[in-house]
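Subject: Structure for you to look at

Hi,

Here is the structure I promised to pass on. Please open it first, then read my notes beside it.

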Amino acid sequence: TSKNVQKFVDAYNEVFKLVQRHLNPTSSTDRGQTLTGDAAVRSLQRDLQALVTTTVGSGSVRTLADLGIKSGRDGTLSIDSATLSKALSNNAAAINELFAKASTGLGAVVGTVTDRYTNTTNGAFTKRKR
């Protein structure tokens, strides 16, 4: 479970850094060929940051913070291993449920956010591509 939590944090950080690159262009960035400054990218950034504080479920583990996942000043996530270890020893099943509960877990929430931007019919980035 802790390896999967680390994979989640790593994946989040990769996506967040990519979004940041688009929000902070360099002088050589071709704004006509990128999403630099696009409102959809700013919206994605807000949606990603909201995942950190999203409350799901009703048990002792309802947020990423309950697992020791913290947002840094740069917006990336890190894990407090002592807090994660304590959560694992107290209720490992609750951690799995936090991510995997079919309609309300973080996996479902991430899926909704992903679909909002990448859905091939009406996703925000799909609309921009047309």
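The lining of the largest pocket has 15 nonpolar residues, three polar ones and no charged ones. Keep in mind that this is a predicted model. The pocket holds about 390 Å³ of space. Its lining is made of 18 residues, and the closest to its centre are Val15, Leu44, Leu48, Val113 and Thr114.

Which helices build this lining? Helix 1 (2-23), helix 2 (39-53) and helix 4 (106-118) each supply at least two residues. Helix 1 gives the most, with seven residues. Rolling a probe the size of a water molecule over the atoms shows where empty space is left.

Now step back to the whole chain. The protein chain has 130 residues, and 31% of them count as buried. Its secondary structure comes to five helices and two strands. Along the sequence, the pattern reads α-α-β-β-α-α-α. The C-alpha atoms fill a box of roughly 50 × 30 × 20 Å, taken along the principal axes.

Helix 2

Start with its length. Helix 2 has 15 residues and reaches 22 Å from its first C-alpha to its last. That is close to the 21 Å expected at 1.5 Å a residue.

Which residues of helix 2 are buried? They are Ala40, Val41, Leu44, Gln45, Asp47, Leu48, Leu51 and Val52. These residues are on the same side of helix 2, because they cover an arc of only 165 degrees around the axis. There is a general rule to remember here. An α-helix has 3.6 residues a turn, so residues three or four places apart point the same way.

Asp47 sits in helix 2. Is Asp47 buried or exposed? Asp47 has a relative accessible area of 19%, and the cut-off for buried is under 20%, so Asp47 is buried. The side chain of Asp47 also makes a polar contact with the side chain of Arg116, at 2.7 Å.

Val52 is in helix 2 as well. Val52 counts as buried, because its relative accessibility is 12%. What lies across from it in the sequence? Val52 and Leu64 are twelve residues apart in sequence, and their C-alpha atoms are 6.0 Å apart in space.

Helix 4

Helix 4 has 13 residues. From its first C-alpha to its last, helix 4 reaches 18 Å, close to the 18 Å expected at 1.5 Å a residue. The buried residues of helix 4 are Leu106, Val113 and Tyr117. Seen down the axis of helix 4, they fall within an arc of 30 degrees, so they line one face of the helix.

Thr114 is in helix 4. Its relative accessible area is 41%, so Thr114 is partly exposed. Thr114 and Gln20 are 94 residues apart along the chain, and 17 Å separates their C-alpha atoms.

Val110 is found in helix 4 too. At 27% relative accessibility, Val110 counts as partly exposed. Val110 and Asn91 are 19 residues apart in sequence and 23 Å apart in space, C-alpha to C-alpha.

Look for Val15, Leu44, Leu48, Val113 and Thr114, the residues closest to its centre. Then go to Asp47 and find its polar contact with Arg116.

Best wishes

Notes. Residues are numbered from 1 along each chain as its sequence is written. This is a predicted model: local features need pLDDT of at least 70, side-chain atom pairs count only at pLDDT 80 or more; totals for chains, interfaces and linings use all residues. Side-chain values use heavy atoms; hydrogens and water are left out. On a 1 Å grid over the protein atoms alone, a cavity is a set of points where a 1.4 Å probe fits but cannot get out, and a pocket is an open set with protein on both sides within 12 Å along at least five of seven lines; lining residues have an atom within 4 Å of a point. Grid points are joined across faces, edges and corners, and a volume is the space filled by probe spheres set on the points. Helices (H or I, at least four residues) and strands (E, at least two) are DSSP runs, numbered from the N terminus. Ala, Val, Leu, Ile, Met, Phe, Trp, Tyr, Cys and Pro count as nonpolar, Asp, Glu, Lys and Arg as charged, and the others, Gly among them, as polar. The expected span of a helix is 1.5 Å times one less than its number of residues. Buried means under 20% relative accessible area, exposed over 50%, partly exposed in between (1.4 Å probe, protein chains only). The arc is that of the directions from the helix axis to the C-beta atoms. A polar contact is a pair of N or O atoms within 3.5 Å; within protein, one must be able to donate a hydrogen and the other to accept it, and residues adjacent in sequence count only if both atoms are side-chain atoms.
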